Amino acid sequence: MGPPKSDSAEGIVLNFVNEQNRPLNSQNAADSLQKFNLKKTAVQKALDSLADSGRISFKEYGKQKIYIAKQDQFDIPSSEELNQMKGENAKLQEKLDEQKKALSEIEGEIKALQSNLTLEQITEREIKLRKEVTDMEEKLSKLRGGVTLVSQEERNSVEKMYTDMINQWRKRKRIFKELWDAITENSTNDLKKFKEELCIEYDEDVGVSLQTYCDLMQNRRKRARGQ
């Protein structure tokens with residue numbers, strides 16, 4: 001009796017069992033052979049037929065049948081052959097590592113090339129930058145010519161808002177000082193620690209000064225009078 005055809009159910013199952021060379025049951029085989037459109041019943045029938053003809057081995061564990069490839073068909077390497085195979089495997093692994101390193105370097109070069117601008121993108125960027133330069137030169141020319149870029153109304157509005165903010169700042173500092181003095185007047189506690197417990201921060205604690213901002217406005221008015 002010749003071997004089953006490779007494209008028959010038995011041929012496909014026999015090839016699978018030999019390739020796996022590990023204990024299998026019919027469910028294992030059926031799950032893996034779904035890609036060949038073989039149903040579990042067909043796989044079970046093929047396994048039993050191959051076992052009956054002696055092409056594969058099987059053992060029964062209760063109602064469960066376990067199938068495995070015939071071991072006498074495989075050449076068992078000697079210890080010398082095994083050592084040689086291990087050496088070859090080490091060389092192949094080393095070669096694989098070199099290939100992976102080379103691949104990684106190539107991928108890095110590809111990413112670097114992809115991050116570079118194309119000629120079209122460079123042209124678009126050049127046009128945009130040239131326009132920005134032209135706009136800046138026009139603005140600079142106006143400044144050199146003494147053209148007023150901010151109207152007096154806009155300047156007055158900004159100065160008024162600035163002054164109002166400074167006044168609010170000064171007012172709130174005064175209100176806080178009056179309340180703080182009243183609260184701590186007869187207190188024997190460590191005022192610095194008490195302030196920290198209340199999460200209170202003075203202007204100087206955060207590096208700002210009301211007087212600095214007041215001076216800015218005074219200097220601005222002096223320059224305006226000087227003009």
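What follows goes from one serine to a set of charged pairs.

The model is predicted. Start at serine 26, which sits in helix α2, residues 26–32. Its relative accessible area is 10%, under the 20% cut-off, so serine 26 counts as buried. Leaving aside residues up to four places away in sequence, serine 26 touches Lys40, Val43, Gln44, Leu47 and Tyr67. With glutamine 44 there is also a polar contact between side chains, at 2.9 Å.

Now the charged pairs. The whole structure holds 6 salt bridges. One of them joins the side chains of lysine 65 and aspartate 48, at 3.5 Å from N to O. Lysine 65 belongs to strand β2 (residues 64–69) and aspartate 48 to helix α3 (residues 40–52), so this pair ties together parts 17 residues apart in sequence. Lysine 65 is partly exposed at 29%. Aspartate 48 is partly exposed too, at 23%.

Arginine 130 and glutamate 126 form a salt bridge of 3.0 Å, N to O. Both lie in helix α5 (residues 119–144), 4 residues apart, or about one turn of the helix. Arginine 130 is exposed, at 55% relative accessibility. Glutamate 126 is partly exposed, at 38%.

Lysine 173 is partly exposed at 36%, whereas aspartate 203 is buried at 16%.

Notes:
Residues are numbered from 1 along each chain as its sequence is written. This is a predicted model: local features need pLDDT of at least 70, side-chain atom pairs count only at pLDDT 80 or more; totals for chains, interfaces and linings use all residues. Side-chain values use heavy atoms; hydrogens and water are left out. Helices (H or I, at least four residues) and strands (E, at least two) are DSSP runs, numbered from the N terminus. Buried means under 20% relative accessible area, exposed over 50%, partly exposed in between (1.4 Å probe, protein chains only). A polar contact is a pair of N or O atoms within 3.5 Å; within protein, one must be able to donate a hydrogen and the other to accept it, and residues adjacent in sequence count only if both atoms are side-chain atoms. Contact means heavy atoms within 4.5 Å. A salt bridge is a side-chain nitrogen of Lys or Arg within 4 Å of a carboxyl oxygen of Asp or Glu.
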